[in-house]
Amino acid sequence: MHATICNMIIDLVHNSIEAGATEITLKIEEKDSNLSVVIEDNGRGMNAETLTKAMDPFYTDGQKHKHRKVGLGLAFLYQTVEMTHGTVAIRSQEGEGTTVRFNLDPSHIDLPEFGNFAQAAVAMISHGFEGDLTIEHSVNKKSYTANKAELIEVLGDLSEMESLILLKQFIEENEKDILDCEAIFPVIHPEIRNQQSTIGNFNERWAIYGKNDT
Amino acid sequence: MAKMTLEDLRKLREGKKAEMTQRDSSDKSARIIIGMGTCGIAAGAKEAFDAFLDELSSHNVTDTKIAQTGCMGLCFSEPTVEVEVPGMPRVIYGNVDDKVARRIVKEHIIGKALVSDHIFDKPAADIIK
């Protein structure tokens with residue numbers, strides 16, 4: 001399986017991009033006892049037979065790499081869900097698109113760490129595909145939305161360094177805002193904040209953005 | 001902690017634009033292309049991407065573009081990164097972790113010298129020292 005949930009999310013969003021999607025929506029909801037992720041696209045979609053095959057790590061449609069015999073994106077998702085007793089549902093219609101929806105228990109011992117979502121979001125938004133991507137990320141009651149088209153309108157070409165630096169700053173500021181544990185739990189004891197919980201280890205994720213306040 | 005809005009971002013961008021007009025905007029930009037297939041992601045391409053961004057930013061290198069592609073077919077040496085610098089051979093580097101990404105910025109993009117011990121494709125062997 002992927003080392004982090006963020007890596008798995010990027011991989012699944014890239015599936016949507018490779019399916020020719022022009023509209024992709026990624027919703028991540030982190031609550032007390034559940035991590036919910038929904039990726040919805042309007043790409044080419046799959047029929048029931050292809051969808052069943054896509055769960056097999058030794059199946060690929062052969063379009064991307066003629067001589068390859070593996071396709072690991074969805075297989076990694078199924079493996080993670082199976083190993084951590086989560087749930088997954090994929091709805092796909094040929095010519096209409098695909099929706100991948102999964103729920104994971106953040107306290108499960110075998111669940112990979114969540115990872116650095118700011119890095120993931122910058123990589124996904126700055127991907128040069130011809131289409132739009134909307135990311136909605138919420139942690140308990142705090143949330144933010146980042147839309148690729150709006151960000152291009154403000155920043156210009158997202159492969160340019162100046163734009164990428166500002167994009168990173170924008171995403172990191174918003175990640176810091178929703179991970180602000182003082183705001184979520186103003187009186188919680190530091191030792192408790194260090195424990196693994198719904199949104200992972202608060203302090204580790206907070207420290208990613210240079211704001212470890214303990 | 002206050003949330004950053006698109007309007008805040010727009011103001012920052014306008015400030016940067018004013019700075020950019022002061023600079024010479026020669027069309028000699030380098031390009032970094034990072035392989036972001038499943039293999040690349042699993043091997044740390046996201047971290048390499050972030051390291052390039054951070055290192056270029058810390059050296060104030062603004063005339064470089066960063067793009068992404070899928071698997072380059074060199075899964076055994078992921079993360080793989082293609083680097084194009086005007087006047088230099090185009091190369092594909094392999095096993096580009098955080099440290100190697102920072103070396104590529106300092107030695108190849110700024111110093112104009114190939115990071116020979118991480119080249120996995122091109123140029124021909126006789127020009128790799």
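The structure is a predicted model, in which local features need pLDDT of at least 70, side-chain atom pairs count only at pLDDT 80 or more, and totals for chains, interfaces and linings use all residues. Residues are numbered from 1 along each chain as its sequence is written, while chains are lettered from A and ligands numbered from 1 in the order in which they are written.

In the interface, 34 residues of chain A are in contact with 31 residues of chain B (C-beta atoms, placed from the backbone, within 7 Å). On the chain A side, two or more residues each come from α1 (5-18), α4 (117-125), α5 (148-155) and α6 (161-178) of chain A. Helices are DSSP runs of H or I with at least four residues, strands are runs of E with at least two, and both are numbered from the N terminus. The most is given by α6(A), with eleven residues. This side of chain A comprises 14 nonpolar, ten polar and ten charged residues. Nonpolar covers Ala, Val, Leu, Ile, Met, Phe, Trp, Tyr, Cys and Pro; charged covers Asp, Glu, Lys and Arg; the others, Gly among them, are polar.

Chain B holds an open sheet of five strands, ordered β2-β1-β3-β4-β5, with mixed pairing (at least two DSSP bridges between two strands). Strands β3 (residues 81-84) and β4 (residues 91-93) of chain B run antiparallel and are joined by three bridges. Here B:V81 stands opposite B:Y93 in β4(B). Helix α3 (residues 45-58) of chain B packs on the sheet and touches β1 (30-35), β2 and β3 of chain B. The direction of α3 makes about 160° with that of β1(B). Axes are lines fitted to C-alpha atoms, for helices over the stretch in contact, and angles run from 0 to 180 degrees between N-to-C directions.

Note on methods
Contact = placed C-beta atoms within 7 Å.
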